[in-house]
Amino acid sequence: MTVGVYPGSFDPVTLGHLDIIKRSSKIVDRLIIGVLNNSAKKPVFTAEERVHMLELVIKDIPNAAVETFDGLTVEFAKSLGATVMFRGLRAVTDFEYEIQIAQTNHALNPDIDTVFLTTSVKYSYLSSSIVKEVASYEGDISKFVPGEILPFVTGKIKNLRSVDNGNGQKQ
């Protein structure tokens, strides 16, 4: 059985991520979406919220599951018995960063290969950062995130906007 890992922060999961998940799941017998719990980053959504959103959007992909992890992605993949890691590429700038990570991972564990999937053209501009930015200005993100999580994402961002911005004013 071939096990693959698609790691990321998924803060929040986008239609671009879902596209890579669907395509990756057709290549391996079992796909684990690894939600990075990185203490150095300040995600908008908790790890539990990101797992929940992903579980909602992969409910119709029978060979996919979601898990959180800390530490090195290649060690997480090894612990699952994975032989492949999937990464999505939107642009040349993504490739430059991702190839360094893939080569480092290969040096750490040559039994795990990285497979790059180019993002579908209709999502090539899309990132979680863009989703959060548009949502923070109450823009329509329905073309960016799966419908199952749209109310949750917009609600969370709206709640964050209403929090005191540190100057005694509401955002």
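I take two strands as paired if DSSP finds at least two bridges between them. The model I am reading is predicted.

**Sheet order.** I looked up the strand order and found 5 strands in an open sheet, S3-S2-S1-S4-S5, with parallel pairing. Strand S3 (64–69) and strand S5 (113–118) are the edge strands; each has a single partner strand, so one side of each has no neighbour in the sheet.

Which strand does S4 join through 6 bridges? I traced strand S4 (residues 84–89) to S5, and the two run parallel. Within this pairing I picked out Met85, whose bridge partner in S5 is Thr114.

**Helices on the sheet.** I then checked what packs here. Helix H1 (residues 15–25) packs on the sheet and touches strand S1 (3–8), strand S2 (30–36), S4 and S5. I read the angle between the directions of H1 and S5 as about 125°. Helix H4 (residues 92–108) also packs on the sheet, where it touches S4 and S5. For H4 the angle with the direction of S5 is about 165°.

I turned to S2 and S3, which are paired in the parallel sense by 6 bridges. Here I found Ile32 opposite Ala65 in S3. Which helix does the chain pass through from S2 to S3? I followed the chain through helix H2 (residues 47–57), and I logged this β-α-β crossover as right-handed.

Note on methods: Residues numbered from 1 in each chain as written. Predicted model: local features only at pLDDT ≥ 70, side-chain atom pairs only at ≥ 80, totals over all residues. Heavy atoms only, no water. Helix = DSSP H or I, 4+ residues; strand = E, 2+ residues; numbered from the N terminus. Contact = heavy atoms within 4.5 Å. Axes fitted to C-alpha atoms, helices over the stretch in contact; angles between N-to-C directions. Right-handed = clockwise from strand over helix to strand, strands pointing away.
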